[in-house]
Amino acid sequence: MDFNDKVVIITGASSGIGAATAIHFSKLSAKLVLVARTEKNLKRIALYCEKAKGIAAQSIVADVKVESDVERIIKETIENHGKLDVLINNAGVVGMGGIKNSTLETYDKVMTTNMRAVYHLTQLAVPHLISSKGCIVNISCVSGTKPSTMALAYNISKAALDHFTKCVALELAPDGVRVNSVSPGFVKTNLLKNIGLSEDQLELFVKNVVSNIPLKKSVEGDEVAALIGYLASDKAKGITGSSFVLDAGTLLR
Ligand SMILES: NC(=O)c1ccc[n+]([C@@H]2O[C@H](COP(=O)([O-])OP(=O)(O)OC[C@H]3O[C@@H](n4cnc5c(N)ncnc54)[C@H](OP(=O)(O)O)[C@@H]3O)[C@@H](O)[C@H]2O)c1
């Protein structure tokens, strides 16, 4: 399996699952377009990717919540590469709280990042993906399926993303464009650190979560990256509108 000459956009590539995915695709000779807000981290991952096969990775510093930034992601990709083969919608944020104790500000931030931005970027990418008979992989979460009380806006953003994946897969199937999603269980990344948990709180949280996972392990970023790589490859040419769970058994409970 390789992505020789394939142009792959990965949003949220500066950290966690997105960074692991960038590194995975760099080893498969992809022409990468890496997107995130934090230039320093993005450039570090881009340099790391370049070392794999000597193929320069394009970095686009952009906030996917900002419409003009989303337009720039597609414009600069096409200016640089002339085409787009794979879109990986990975950038995402968590906002804490349930219906009793969350704010509309949290709702707006989470839904705008996790769903509205995906809608917009996908809309702009679709003409190019139709031309290349390309594909889309959306990064969802088991919390889009399994109800829980801690992060309502996040959970419903991922439920919406799952349905978006299926609807768009159906719409684009006649064009030869495949659309799938991956739903990881708990992965140790910066996602929770970014909501302001201290190291001690984080350690306790991770311990509690992992003790409740049937396989007693968190999921690794490179496991998720490998699944994304498979879904984006020709080996998955018969797969569209599917959601792949990678959760160490979390949904069994
Ligand atoms: N970690 C888990 O347990 C887990 C489980 C299931 C699903 N997921 C999903 O996996 C995806 C990646 O999360 P992660 O766990 O790898 O978290 P992470 O380490 O915090 O990475 C999130 C990435 O998204 C980028 N990002 C966030 N907001 C952005 C914005 N407005 N514009 C552009 N980039 C933005 C961040 O970069 P900048 O801050 O530099 O912009 C970063 O590169 C998310 O969609 C998340 O919901 C995570």
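Colleague: Is Phe 3 buried or exposed in this model?
Modeller: The model is a predicted one. Burial requires a relative accessible area under 20%. Phe 3 has a relative accessible area of 3%, so Phe 3 is buried.

Colleague: And Phe 25, buried or exposed?
Modeller: The limit for burial is again under 20% relative accessible area. Phe 25 comes out at 0%, so Phe 25 is buried.

Colleague: What kind of aromatic pair do Phe 3 and Phe 25 form?
Modeller: The count of aromatic pairs comes to three. Phe 3 and Phe 25 make up one of them, with 4.8 Å from centre to centre and 50° between the planes. Planes under 30 degrees apart would count as stacked and over 60 as edge-to-face, so the rest are tilted. The pair of Phe 3 and Phe 25 is therefore classed, with its 50°, as tilted.

Colleague: How many residues apart are Phe 3 and Phe 25?
Modeller: Phe 3 belongs to the segment before strand E1 (7–11), whereas Phe 25 is in helix H1 (residues 16–27). The pair thus links distant parts of the chain, and the separation is 22 residues.

Colleague: What kind of aromatic pair do Phe 186 and Phe 205 form?
Modeller: The ring centres of Phe 186 and Phe 205 are 6.2 Å apart, and the angle between the planes is 75°. An angle over 60 degrees sets the class. The pair of Phe 186 and Phe 205 is edge-to-face.

Colleague: Where does Phe 205 lie, given that the pair links distant parts of the chain?
Modeller: Phe 186 sits in the loop between strand E6 (178–184) and helix H6 (199–211). Its partner is 19 residues apart from it, and Phe 205 lies in helix H6.

Colleague: Is Phe 205 buried, partly exposed or exposed?
Modeller: Phe 186, at 17% relative accessibility, counts as buried. Phe 205 has 23% relative accessibility. Burial needs under 20% and exposure over 50%, so Phe 205 counts as partly exposed.

Colleague: Which residues come nearest to the ligand?
Modeller: There are 31 residues around the ligand. By class, this shell has 14 nonpolar, 13 polar and four charged residues. H1 and helix H5 (152–172) each supply at least two residues of the shell. The nearest are Ser 15, Arg 37, Thr 38, Tyr 154 and Thr 189.

Colleague: What share of the ligand's area does the protein bury?
Modeller: Backbone N or O atoms of Ile 17 and Val 187 each lie 2.8 Å from an oxygen atom of the ligand. A polar backbone atom of Asn 190 is 3.2 Å from a ligand oxygen. Taken alone the ligand exposes 880 Å², and the share of this that the protein buries is 95%.

Colleague: How many disulfides are there?
Modeller: A disulfide needs two cysteine sulfur atoms within 2.5 Å. The sulfur of Cys 135 is too far for a bond, because the closest cysteine sulfur, in Cys 49, is 18 Å away. Cys 141 is also too far for a bond, with 20 Å to the closest cysteine sulfur, in Cys 167. The count of disulfides comes to zero.

Colleague: How far apart in space are His 163 and Gly 241?
Modeller: His 163 is in helix H5 and, at 52% relative accessibility, counts as exposed. Gly 241 is 78 residues from His 163 in sequence. In space, C-alpha to C-alpha, the distance between His 163 and Gly 241 is 9.0 Å.

Conventions: Residues numbered from 1 in each chain as written. Predicted model: local features only at pLDDT ≥ 70, side-chain atom pairs only at ≥ 80, totals over all residues. Heavy atoms only, no water. Phe/Tyr/Trp six-rings, centres within 6.5 Å; stacked < 30°, edge-to-face > 60°. Helix = DSSP H or I, 4+ residues; strand = E, 2+ residues; numbered from the N terminus. Buried < 20%, exposed > 50% of the residue type's maximum accessible area, 1.4 Å probe, protein only. Near = heavy atom within 4 Å. Polar contact = N/O pair within 3.5 Å; in protein donor to acceptor, adjacent residues only side chain to side chain. Areas by Shrake-Rupley, 256 points an atom, 1.4 Å probe, with all protein chains shown as cover. Nonpolar A, V, L, I, M, F, W, Y, C, P; charged D, E, K, R; others polar.
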